[in-house]
Amino acid sequence: MPTQLQLQTVSGQVEAELPSLVEIYKHLHARPELSGQERATASLLAGELKKLGFRVTEGIGRYSRFDWPGFGLMAVLENGPGPTLLMRADMDALPVQEKTGLPYASTARAIYRDGSEVPVMHACGHDVHVSCLLGAARVLATARECWSGTLVLVGQPGEEGGDGAQAMIDDGAYRLCPKPDFALALHSTLFLKAGTAGYAPGNFLASFTEVEIVVRGVGAHGSAPEHGKDPVVMAAQLVLALQTIVSREITPHEPAVVTVGSIHGGAACNVIPEEVVLQLSIRSYDNRVRDKILDSVRRICTGVALAAGVPEERFPVVSVLACHPATYNDPALAEHVAEALRSALGTDNVVRSAARMVSEDFGSWGLGGAIPICMFWLGAADPVLFEEGLRQGGAMPSQHSPLYAPLPEPTLRAGVKALVAAACKLLPAG
């Protein structure tokens, strides 16, 4: 653990960097880039890290689902003997129309993966993450007497549904650095006040599995349904039947979610279409639960088709489009990180958080448990608005909301302090 003198020195360095970091944050917030399009963000981060003496490799990422260029980067700084710590920040934004009213609000538009033009916003705080990572890099590159070992910084693209972590790993990211002894990340949230943090040993975030179901029927005239096999009716039955998986097949002691988030089919009111497409998200903490849910989805799809008299060659097609693991914080590592957070932010400003069913692909950096990982929450809410929301019984905007608006200065201050303290804790000076 850093000494009190070192903490004071680090705190002074953070304050010195803060004005610049706030400007960089606002710059990034006003210029968000969608998954697979993070060229300018990656270039900015890479350029700043090169100035600090990091060995930077750019252009990393080989996607399995999309024909996207790889904008991932790995930056390595060696500082004597000791362990290797990886710290990761995701860089991509979302197809969301910003409604915060901030003077630096995004007005950006871009072409989404489906070919449509969409508004773009940092509605999940990735601009906070990049700014905090850069701030930590600046402080640690200067305060080398506070730590010893190897620091690996990752600018990751494609977190929002692109499996960017796995894309970087598949493109050889781990061949560019010593195998990390630990991997660390933070995630901003408006569920905590700026200047605070939350941690959780063990389950932190759920796994995410994206499933597509193509319900195939037999087309006919809307006035003569007896001549067809209606996929719209089958799809409606499926939406309801799939909800019984969690409520009737999974033990209440195992959290899980099955959501049908998209349903598309048909083009005219008097035509029974040939097919309807459903898109599902499945979330769980345990891979065995996820696999059981997938088996049940396939069984129910077959059963609905059989009940409708659909021939076997027209049974629904169930495809797993994406799957990334749960974020499971190594318990021992999480406690070490929590100790560092308390030293940096104060004991009263660090809380133990419950696991959440939202998902992240940070877990992929753990290589199935081979590398201990830990992610923690970084409070980003304006304390005045937070307290007002509590009094009125409301909630702050969640991630992916068009109203997601971190309070920059105290959020970045706490984030940089937290990352630096964790790095000094895990890479102790001799």
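**A walk through the model**

Modeller: Let us begin with His 122, whose place is in the loop between strand S5 (117–119) and H3; helices (H or I, at least four residues) and strands (E, at least two) are DSSP runs, numbered from the N terminus. This is a predicted model, in which local features need pLDDT of at least 70 and side-chain atom pairs count only at pLDDT 80 or more, while totals for chains, interfaces and linings use all residues. Residues are numbered from 1 along each chain as its sequence is written, and side-chain values use heavy atoms, with hydrogens and water left out.

Colleague: Is His 122 buried or exposed?

Modeller: His 122 counts as buried because its relative accessibility is 2%, where buried means under 20% relative accessible area, exposed over 50% and partly exposed in between, for a 1.4 Å probe and protein chains only.

Colleague: And what does His 122 touch?

Modeller: Not counting residues up to four places away in sequence, His 122 touches Leu 28, His 29, Pro 32, Met 91, Asp 92, Ala 93, Asp 127 and Tyr 404, contact being heavy atoms within 4.5 Å.

Colleague: Now the sheet: in what order do the 8 strands come?

Modeller: The order is S1-S2-S6-S3-S7-S18-S8-S16, in an open sheet with mixed pairing; two strands pair if DSSP finds at least two bridges between them. Strand S1 (55–60) and strand S16 (350–352) are the edges, each pairing on one side only. Direction ignored, neighbouring strands are turned by 25° against each other on average, with axes taken as lines fitted to C-alpha atoms, for helices over the stretch in contact, and angles running from 0 to 180 degrees between N-to-C directions.

Colleague: How do S1 and S2 run?

Modeller: S1 and S2 run antiparallel and are joined by 4 bridges, with Arg 55 standing opposite Val 76 in S2. On to S6: S2 pairs with S6 in the antiparallel sense as well, over 7 bridges, and there Leu 77 stands opposite Leu 151. S2 is mostly covered, since 7 of its 8 residues are buried.

Colleague: What about S3 and S7, in which sense do they pair?

Modeller: Strand S3 (residues 84–90) and strand S7 (residues 182–193) pair in the parallel sense over 3 bridges, and Leu 86 stands opposite Ala 183 in S7. Helix H3 (residues 126–142) packs on the sheet, touching strand S2 (72–79), S3, strand S6 (149–156), S7 and strand S18 (373–381), and its direction makes about 145° with that of S3. Helix H9 (residues 408–426) also packs on the sheet, where it touches S3, S7 and S18, and its direction makes about 160° with that of S18.

Colleague: Changing topic, what is the volume of the largest cavity?

Modeller: The largest cavity has a volume of about 40 Å³, and the structure holds 1 cavity of 30 Å³ or more. On a 1 Å grid over the protein atoms alone, a cavity is a set of points where a 1.4 Å probe fits but cannot get out, whereas a pocket is an open set with protein on both sides within 12 Å along at least five of seven lines, and lining residues have an atom within 4 Å of a point. Grid points are joined across faces, edges and corners, and a volume is the space filled by probe spheres set on the points. S3, H3 and S7 each give two or more residues to the lining of the largest cavity.

Colleague: And the largest pocket, which residues lie nearest its centre?

Modeller: Of the 35 residues that line the largest pocket, Glu 160, Gly 161, Phe 208, Arg 283 and His 400 lie nearest its centre, and about 1,000 Å³ of space lies in the pocket. S13 gives the most to the lining, with 4 residues.

Colleague: Where is His 400?

Modeller: His 400 is found in the loop between helix H8 (383–391) and H9, and its phi is near 75°, a positive value in a residue other than glycine. At 40% relative accessibility, His 400 counts as partly exposed.

Colleague: Last one: how many disulfides are there?

Modeller: The count comes to 0 disulfides, a disulfide being a pair of cysteine sulfur atoms within 2.5 Å. The sulfur of Cys 146 is 5.0 Å from the closest cysteine sulfur, in Cys 424, so it is too far for a bond.
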